[in-house]
Amino acid sequence: MAQQYLKGKVAIVTGAGKLNGIGAQSAIALAEQGANLAIHYNSSAAPAEEVVTKLRSLGVQAVAIQADASSIDFGKVLVDATLKAFNTQTIDIIVNNAGTAVLNAEGIKSVGAEDWDPVFHVNVRAPFLLIQAALPYLKEGGRIINVSSIIARLGSLMLPVYGASKGALNALTIAMSEELGPKGITINVVAPGPIKTDLSMEGSPIAVRLRNNQHIKREGTAREVAETILFIASPGASYITGQLIGVDGGIGFP
Ligand SMILES: NC(=O)c1ccc[n+]([C@@H]2O[C@H](COP(=O)([O-])OP(=O)(O)OC[C@H]3O[C@@H](n4cnc5c(N)ncnc54)[C@H](OP(=O)(O)O)[C@@H]3O)[C@@H](O)[C@H]2O)c1
């Protein structure tokens with residue numbers, strides 16, 4: 001068997017509590033290459049234990065850490081718990097995958113002022129807080145992967161707040177790449193198209209629009225996104241930073 005290229009690395013994956021989700025599938029892909037995993041969840045406590053069991057069966061150390069991504073101490077809670085769990089002062093890989101959406105089905109008039117903070121706190125502020133808290137422990141070779149969405153670039157009249165939040169995450173990623181590059185740390189966006197998870201939009205007008213724009217006309221799998229995240233986390237991706245990588249079946253832009 002080939003050498004596991006992430007053997008002994010410490011990875012944090014947020015929103016990884018559900019086996020069918022992009023986060024858990026990414027954690028599994030990283031564990032298959034030997035990484036130890038701190039998986040984060042918010043409400044999916046019991047499913048997160050199933051993910052931990054699966055990860056341990058792959059021969060790595062794994063813990064589940066609960067935290068609400070809308071809380072101000074989200075980053076500190078996750079980083080402190082990870083360092084303690086693995087008795088380390090190093091974090092090698094961060095996958096900011098937790099995300100939430102509000103559907104504004106009737107467009108602009110249906111967007112409430114109260115829709116903004118919950119989505120921006122989870123999708124933008126939480127990834128920032130985690131990176132900020134982890135920075136003292138990220139060394140040369142460190143990898144940060146932020147999971148955005150095709151909606152940031154394609155847009156959707158039903159998802160203006162969600163799209164704006166993922167667009168902000170894209171901009172944040174590019175901004176931070178300038179500071180992190182000289183430290184030998186890469187930071188990139190992986191932007192899924194329609195993926196078969198609990199957040200699937202299949203059957204909605206949004207899915208129809210995405211399908212019309214695709215060259216590979218189907219939903220992707222969480223594993224297909226995870227494979228891209230694994231590559232960006234790998235030593236072979238050392239010269240890739242500040243990039244937006246679509247995993248979307250070839251969606252073109254109008
Ligand atoms: N599926 C798609 O078609 C698609 C397309 C483009 C982008 N994405 C992005 O891919 C990422 C993963 O989504 P997914 O499709 O795999 O769906 P998912 O399984 O529902 O994963 C999203 C996770 O985010 C976590 N989360 C939500 N609100 C949170 C909060 N306040 N605090 C902490 N965690 C919170 C949830 O954790 P708990 O379950 O523990 O509460 C949930 O497991 C998201 O960022 C999403 O925007 C998905």
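User: What makes the crossing of helix 1 and helix 8 right-handed?

Analyst: The crossing of helix 1 and helix 8 counts as right-handed. Before we go on, this is a predicted model, where local features need pLDDT of at least 70 and side-chain atom pairs count only at pLDDT 80 or more, while totals for chains, interfaces and linings use all residues. Residue numbers start from 1 along each chain as its sequence is written.

User: Which residues make the contact between those two helices?

Analyst: From helix 1 come Ile22, Gln25, Ser26, Ala29 and Leu30. Helix 8 brings Ala222, Arg223, Val225, Ala226, Glu227, Ile229, Leu230 and Ala233. Being in contact means that two residues have their C-beta atoms, placed from the backbone, within 7 Å. The helices themselves are DSSP runs (H or I, at least four residues), as strands are (E, at least two), numbered from the N terminus.

User: How does that contact of helix 1 with helix 8 divide by class?

Analyst: There are 9 nonpolar, 2 polar and 2 charged residues. The sorting goes like this: Ala, Val, Leu, Ile, Met, Phe, Trp, Tyr, Cys and Pro are nonpolar, Asp, Glu, Lys and Arg are charged, and the others, Gly among them, are polar.

User: Why are helix 1 and helix 8 called oblique to each other?

Analyst: Their angle is about 50 degrees, with the axes 8 Å apart. The axes are lines fitted to C-alpha atoms, for helices over the stretch in contact, and angles run from 0 to 180 degrees between N-to-C directions. Under 35 degrees counts as roughly parallel, over 145 as roughly antiparallel, 65 to 115 as roughly perpendicular, and the rest as oblique. The pair is therefore oblique.

User: And what makes helix 1 and helix 2 roughly parallel?

Analyst: Helix 1 and helix 2 (residues 45–57) pack at about 15 degrees, with their axes 9 Å apart. That angle is under the cut-off, so the two are roughly parallel to each other. Their crossing is right-handed. Ala24, Ala27, Ile28 and Ala31 in helix 1 meet Val51, Lys54 and Leu55 in helix 2. That contact has 6 nonpolar, no polar and 1 charged residues.

User: How do you know that helix 1 is largely enclosed by the rest of the structure?

Analyst: Count the buried residues. A residue is buried if 20 or more other C-beta atoms lie within 10 Å of its own, exposed if 12 or fewer, and partly exposed in between, with C-beta atoms placed from the backbone. In helix 1 (residues 22–32), 10 of the 11 residues are buried, so the helix is largely enclosed. Among them are Ile22, Gln25 and Leu30.

User: Is Leu6 buried or exposed, and how do you know?

Analyst: Leu6 has 23 other C-beta atoms within 10 Å, so it passes the cut-off and is buried. Leu6 sits in the segment before strand 1 (10–13). Leaving out residues up to four places away in sequence, it touches Leu30, Gln33, Gly34, Ala35 and Ala233.

User: Why does Gly112 count as exposed?

Analyst: Gly112 has 9 C-beta neighbours inside 10 Å, which puts it in the exposed range. Gly112 is found in the loop between strand 4 and helix 4.

User: What makes Gly167 partly exposed?

Analyst: Gly167, in helix 6, has 18 other C-beta atoms within 10 Å, so it falls between the two cut-offs.

User: Why is helix 4 called roughly parallel to helix 6?

Analyst: Helix 4 (residues 116–134) and helix 6 (residues 160–180) pack at about 20 degrees, with their axes 9 Å apart. That makes helix 4 roughly parallel to helix 6. Helix 4 passes helix 6 in a right-handed crossing. By class, their contact has 13 nonpolar, 2 polar and 1 charged residues.

User: What is noted about the phi of Asn87?

Analyst: Most residues other than glycine have a negative phi. Asn87 is not a glycine, yet has a positive phi of about 50 degrees. Asn87 lies in the loop between helix 3 (74–86) and strand 4 (91–96). With 7 other C-beta atoms within 10 Å, Asn87 is exposed.

User: How many residues surround the ligand?

Analyst: There are 29, the closest being Gly15, Gly21, Asn42, Ala69 and Gly99. A residue is near a molecule or strand if its C-beta atom, placed from the backbone, lies within 6 Å of it. The shell has 12 nonpolar, 14 polar and 3 charged residues.

Definitions and conventions
A crossing is left-handed if the near helix is turned anticlockwise from the far one by less than a right angle, and right-handed if clockwise.
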